[in-house]
Amino acid sequence: MNKIRNKHLGLFIRKNVCWSVVFCVLIIGSCFPGKAMAAVPTIGAKAGIVIDIDSGAVLWEKNPDQALCPASTTKILTAILALDMMEPGSVCYVSPEAAAIGESSIYLQPGEQFYLDQLLTGALVKSGNDACFAIAENVAGSEPLFVHWMNWKGELLGATKATLYNTNGLPHENHMMSARDLAMIGRYAMHNQDFAEKVKTKSTVIQDIGGSERYLKNTNKLLWEDEHVIGVKTGTTDAAGPCLVSAMEKDGRRVLAVVLNSPDRFWESHALLNYGIDEFTNISLCEAGDIMTYLPIDPWLVGIAAGDGVFTVPKYKLKTLETEWVFAEPMELPIASGEPVGYLLVKDDKGKVWGRVDILSQDNMNEKIKGIWGFLAKLNIV
């Protein structure tokens, strides 16, 4: 990741004067050549998307908002919702209804007891439909209620096309998600350490509380083909076709790809993951709470970053990037702590915006910097 630290900038703004201040700083990208971007791989999937997991930037897309059958990629949301709502060490009971769920299965038996962690492994590694049903019953009391929570959780994560009717992706005419939905849910899930550890597991053994063992082998073949692949979930039904949500960690970055109804899901996903890694890089401009600027107001106001300034850009664009400051107008006194005072843009030479950091006021600098000498010391001038 390119670590580009913004200098503390003193921007002088007189009281009661409406100013729009713009200040540009060239971002140095000399560590990368300025060659043009490579061609995007030819993808036959009906829909797909590639995103950077850390920044959330979309790096490639094809019909990303088309609602399609997601098959077992549904289980990503099932698992992360369960992890958000119940401790992995919680005891779960297998009902006759859960044990009766067929097709892809880990062959649960009525009356068995598992820790939630083991059922989640069964759902994510082996793609157990029965494990998903058992998880839902133990977390929510019933699968229909858990599915209601899934739809609610998906909406909170920005999955606007998701209409879910079960926990496992078994065929239902109205059970739909888009590639973008799965990317947003997958990105959220990959920030959960328990989830991330499970989806990169090639094979493992789970036990019920009585000690009975089951050997599980991951359905994601990419885990064997490339050591940099770190997940996440396959899916296949007649209606959905071959689907895959996959992720790669390499060169300090993580990218996630989704392909739905793909003629060759593993090859296409691998090509997209490599494209996302090879052709893009991340710029870390700041972290949430970093001091970005000082404004000479009563007598000094601190401008801090509202969030992490991590942006994904094409490598060939690095030498053309600059930051542009824009401060709010009018800037009326008094300015409360936490109030927006402007923003910082990352733009290329064509004017395209690649990132934005909102700037908030912090405390008045009167308590932090005693006079102009303290301020200049912060700038390393004295």
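**Close-up views of salt bridges and a helix contact**

Glu61, Asp65 and Arg180 are linked in a network of salt bridges, a salt bridge being a side-chain nitrogen of Lys or Arg within 4 Å of a carboxyl oxygen of Asp or Glu. The model is predicted, so local features need pLDDT of at least 70 and side-chain atom pairs count only at pLDDT 80 or more, while totals for chains, interfaces and linings use all residues. Residues are numbered from 1 along each chain as its sequence is written, and side-chain values use heavy atoms, with hydrogens and water left out.

**View 1. Arginine 180 and glutamate 61 form a salt bridge.** The N to O distance in this pair is 3.3 Å. Helices (H or I, at least four residues) and strands (E, at least two) are DSSP runs, numbered from the N terminus. Arginine 180 counts as partly exposed because its relative accessibility is 22%, and glutamate 61 is also partly exposed, at 40%. Buried means under 20% relative accessible area, exposed over 50%, and partly exposed in between (1.4 Å probe, protein chains only).

**View 2. Arginine 180 also forms a salt bridge with aspartate 65.** The closest N and O atoms of this pair are 2.7 Å apart. Aspartate 65 lies in the loop between strand 5 and helix 1 (75-85), 115 residues from arginine 180 in helix 6. With a relative accessible area of 35%, aspartate 65 is partly exposed.

**View 3. Arginine 253 and aspartate 52 meet in a salt bridge.** Their side chains are 3.0 Å apart, N to O. The pair links distant parts of the chain, with arginine 253 in strand 12 (residues 253-260) and aspartate 52 in strand 4 (residues 47-52), 201 residues apart. Both arginine 253 and aspartate 52 are buried. The count for the model comes to 12 salt bridges.

**View 4. The axes of helix 1 and helix 6 come within 10 Å and cross at roughly 40°.** Helix 1 is therefore oblique to helix 6; angles under 35 degrees count as roughly parallel, over 145 as roughly antiparallel, 65 to 115 as roughly perpendicular and the rest as oblique. Axes are lines fitted to C-alpha atoms, for helices over the stretch in contact, and angles run from 0 to 180 degrees between N-to-C directions. Ile76, Leu77, Ile80 and Asp84 of helix 1 make the contact with Ile185, Gly186, Tyr188 and Ala189 of helix 6, where contact means heavy atoms within 4.5 Å.
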